[in-house]
Amino acid sequence: GSEFPDTNVVVINYDILQKNIQPLHARNWDLILTDEAHNLKNEEAQRTKAVLGDLLDLSAARMLPMSDRGQLVHLTGTPKPNRVSELWPLLTSSRPDLWGRGPKAREIFLNRYQPPNLIKKKMRRGNREVEMIIPMDGKPTRETELQLRLRGSGSFIRRLKRDTDLPPKFRTPLEMPVRLSKEDKALLREAEADLEQLVRRVSGTDVRVGEARAAGVVISAISLIDPDSPNFNELARVRRNLGLVKASHCARFILDELEDEKDMAPENRTKTVVFAHHKEVIRIIHEEAEKREPGSSLVYDGSVKASDRQPIIDRFQTDESVRGIIISLAGATGITLTAAARMRVVEPDWTPSNMIQIEDRIWRIGQERNVDIGYLSVAGTLDARIGNALVDKMESDEKAINTIRFRHQTPNRVSPERTTGTTPEKDQNNAQPDLPF
């Protein structure tokens, strides 16, 4: 509402924190509980400063005031949405005695766990050309050490779904060997060229998206794009073109999978959740489904009225004649689709933490079957390389905060959500990493 409540418990969302900063600072709180705390991943964002203070200026205003017995607790299922650096605001605010505070402490943290890449870039200053050194996000290092410090310090408690009675989840890149039309090839070439220019503008890195290593660079670069910038609009156009290239091929692949089960008893068939971003892509997939099996697929996207949303979910969950549902980001959180044990991702979100939220629509309490997540792409295209890099990024994130492995062990290459913690080998001196506790 418009007035700050005079109550013992106040629930407030992140969007209106800044304009309520005075009443928030007028009390000493016994408990500050930040739900979905990854919203505070950027220490320079206004919402972060409203709760945690200016983490990079030791002389500036501190976080919301607490009583002598006050506690700060961050809750999140994705503490590291993209980069190790995004852990820093949560760690320094909750346990500055362990992780330090201020710009120097942050620099030490990043140099150890995410050393920056220093890129030379020539720029014009007036009439002369100068060479600048630009720091870019590097790759995570010492993931096992970081996780042991997190857990051993008592500043981090992690509970995973796989530690419950949930069945396994398998995540797989699926490249479809299809023949593209001349029009599709031209659209693909245009998208690749546009993406090259976009990455160059955002990151200062000159890459060709045809190179194998470039897909990871693309994912890192787009995570830096401001949603209010022209670059974001350009990215949306590139992604739309990629989606249109693959939409009809993905539709046929998904419908073939469903038809393969047509002769099975209804209780033995597997329903499918399809994820896509753009309305045009969703429309193409749904129209193809209606041609082959009218009435068997539902759509849940931003165009669905709020009053119609729950009835759509209920029908998918209970009606055996419904074989599939196509969802967009409108269905990325807050809904349960456990009647399906299969998901096919047509247009992946290029942020790993967002994809985990989407996958969790079917991998959640109530799921009784093994879950099959497939990332669809056309073999040999930019989209395929980005899809593979996205899955690799998820595995990297897994190593940083979920799974402990020790030196001299050879882990099996499995889906991140199927990886389990390992134990040290007999030779403890060789197995244990050197920890700076």
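User: In which sense do β9 and β10 pair, and over how many bridges?
Analyst: This is a predicted model. In it, β9, residues 340-345, pairs with β10, residues 371-378, in the parallel sense over 4 bridges.

User: Which residue of β10 is the bridge partner of Val345?
Analyst: The bridge partner of Val345 is Tyr375 in β10.

User: What sheet do these strands belong to, and in what order do its strands run?
Analyst: They belong to an open sheet of 6 strands with parallel pairing, and the order is β5-β10-β9-β6-β8-β7. At the edges are β5 (169-176) and β7 (297-300), each of which pairs on one side only.

User: How many degrees are neighbouring strands turned against each other?
Analyst: On average 20°, with direction ignored.

User: Moving to helices: which strands does α10 lie across?
Analyst: Helix α10, residues 279-292, lies across β6 (271-275), β7 and β8 (324-327). Its angle to β7 is about 160°.

User: And α11, which strands does that helix lie across?
Analyst: Helix α11, residues 306-318, lies across β6, β7, β8 and β9. It runs at about 150° to β7.

User: Now the whole chain. How many helices and strands are there?
Analyst: The protein chain has 14 helices and 10 strands.

User: What share of the residues is buried?
Analyst: Of its 437 residues, 45% count as buried. The accessible surface of the chain comes to about 22,900 Å², and carbon and sulfur atoms account for 48% of that.

User: What about contacts between residues at least 24 apart?
Analyst: Among contacts between residues at least 6 apart in sequence, 69% join residues at least 24 apart.

Methods
Residues numbered from 1 in each chain as written. Predicted model: local features only at pLDDT ≥ 70, side-chain atom pairs only at ≥ 80, totals over all residues. Heavy atoms only, no water. Helix = DSSP H or I, 4+ residues; strand = E, 2+ residues; numbered from the N terminus. Buried < 20%, exposed > 50% of the residue type's maximum accessible area, 1.4 Å probe, protein only. Contact = heavy atoms within 4.5 Å. Areas by Shrake-Rupley, 256 points an atom, 1.4 Å probe, with all protein chains shown as cover. Pairing = 2+ DSSP bridges. Axes fitted to C-alpha atoms, helices over the stretch in contact; angles between N-to-C directions.
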